[in-house]
Amino acid sequence: MELLNTTSGHWYNCGGRVVPSITTILNILAKPMLHEWRLKQGYKADVVTREACTVGNIVHDVLCRITRGEEVDLEGQDVYLYESREVWLTDEMFKAIKSGVEWLKENNIKPSDIVATEKQLCNPEMGFAGTVDLILRWNNELWIIDYKTSKQLDENVDLQLTAYAMLWNANNPDNQVTKIGALNCKKVWVSKPTATFKKFKFVEEHWNALMTLWGRHKQTPNYRYDGPRAFSLGA
């Protein structure tokens, strides 16, 4: 499974077939709540969105490292190295990380309970791919859990998690995921870390309907320019 260099969402080479990511497919759906928020934000919307994505990326990365058994020491640090670039650490990041860690501790989650973190999943026959934040054996059941840092859980999380579970179960027939959920790590709190966990139902029929709709769009990846960057009219 190879991530391709594109400008139109995330696309992967999956067993010789180019397939879109689950989140890229979900982008064809209307998101009324998001559109309303962008209208209220006006010109600030893009800046706020980029900042929120940065917070989410750092929180995801740290929590994945922790669930792999690492001790992440950010004491006295102002920046965090993420994908070969330095990112300024913020109060929101620390609060969201603390919220996630405390939830894991309160639910007695140990490294031995973790089946996989940041697990890339694809299936060329199914025609899509994705990366799962956490696969966890919890209360004798196998869960797929996604980390969220937005103020409210996205309206299509059930579709996203269902698609992850479909991929995992297709590739692991003897170790089936039976539960899916999202952990909302709050980045704003006053005196006590707060995280909200929400369980979702499988909606395979809805995901299959969305894949049918996606097929009607016949979208293809838009590859990034990879040619020379020096130009002249000379020889």
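Trainee: Is C14 buried or exposed, and what is its relative accessible area?
Mentor: This is a predicted model, in which local features need pLDDT of at least 70 and side-chain atom pairs count only at pLDDT 80 or more, while totals for chains, interfaces and linings use all residues. Residues are numbered from 1 along each chain as its sequence is written, and side-chain values use heavy atoms, with hydrogens and water left out. Taking buried as under 20% relative accessible area, exposed as over 50% and partly exposed as in between (1.4 Å probe, protein chains only), C14 is buried, and its relative accessible area is 0%.

Trainee: Which residue does a disulfide join to C14?
Mentor: A disulfide is counted here when a pair of cysteine sulfur atoms lies within 2.5 Å, and the structure holds 1 disulfide. The S to S distance in this link is 2.4 Å, and the link is right-handed, with 90° about the S-S bond. The partner is itself buried, with a relative accessible area of 18%, and the cysteine joined to C14 is C122.

Trainee: How many residues apart are C14 and C122?
Mentor: Helices (H or I, at least four residues) and strands (E, at least two) are DSSP runs, numbered from the N terminus. In that numbering C14 belongs to strand 2 (residues 11-14) and C122 to strand 6 (residues 114-123).

Trainee: In what order do the 3 strands of the open sheet stand?
Mentor: Two strands pair if DSSP finds at least two bridges between them. Strand 1 and strand 2 pair over 2 bridges, while strand 2 and strand 3 (residues 17-20) pair over 4 bridges, and the pairing is antiparallel. Strand 1 (2-3) and strand 3 each have a single partner strand and stand at the edges, so one side of each is left without a neighbour in the sheet. The order is 1-2-3.

Trainee: Which residue of strand 2 is the bridge partner of L3?
Mentor: The residue in question also has a partner in strand 3, namely V19. The bridge partner of L3 in strand 2 is Y12.

Trainee: Which residue in the turn of the hairpin formed by strand 2 and strand 3 has a positive phi?
Mentor: The hairpin has 2 residues between its strands. The positive phi in the turn is about 60°, and the residue that has it is G15.

Trainee: How many of the 15 residues of helix 5 are buried?
Mentor: Helix 5 (residues 157-171) reaches 21 Å from its first C-alpha to its last, close to the 21 Å expected, where the expected span is 1.5 Å times one less than the number of residues. Its buried residues include Y164, M166, L167 and W168. Helix 5 is mostly covered, and the number buried is 12.

Trainee: Which residue with a positive phi follows helix 4?
Mentor: Helix 4 has 16 residues and reaches 22 Å from its first C-alpha to its last, close to the 22 Å expected. Among its buried residues are M93, I97, V101 and W103. The phi after helix 4 is near 55°, and the residue is N108.
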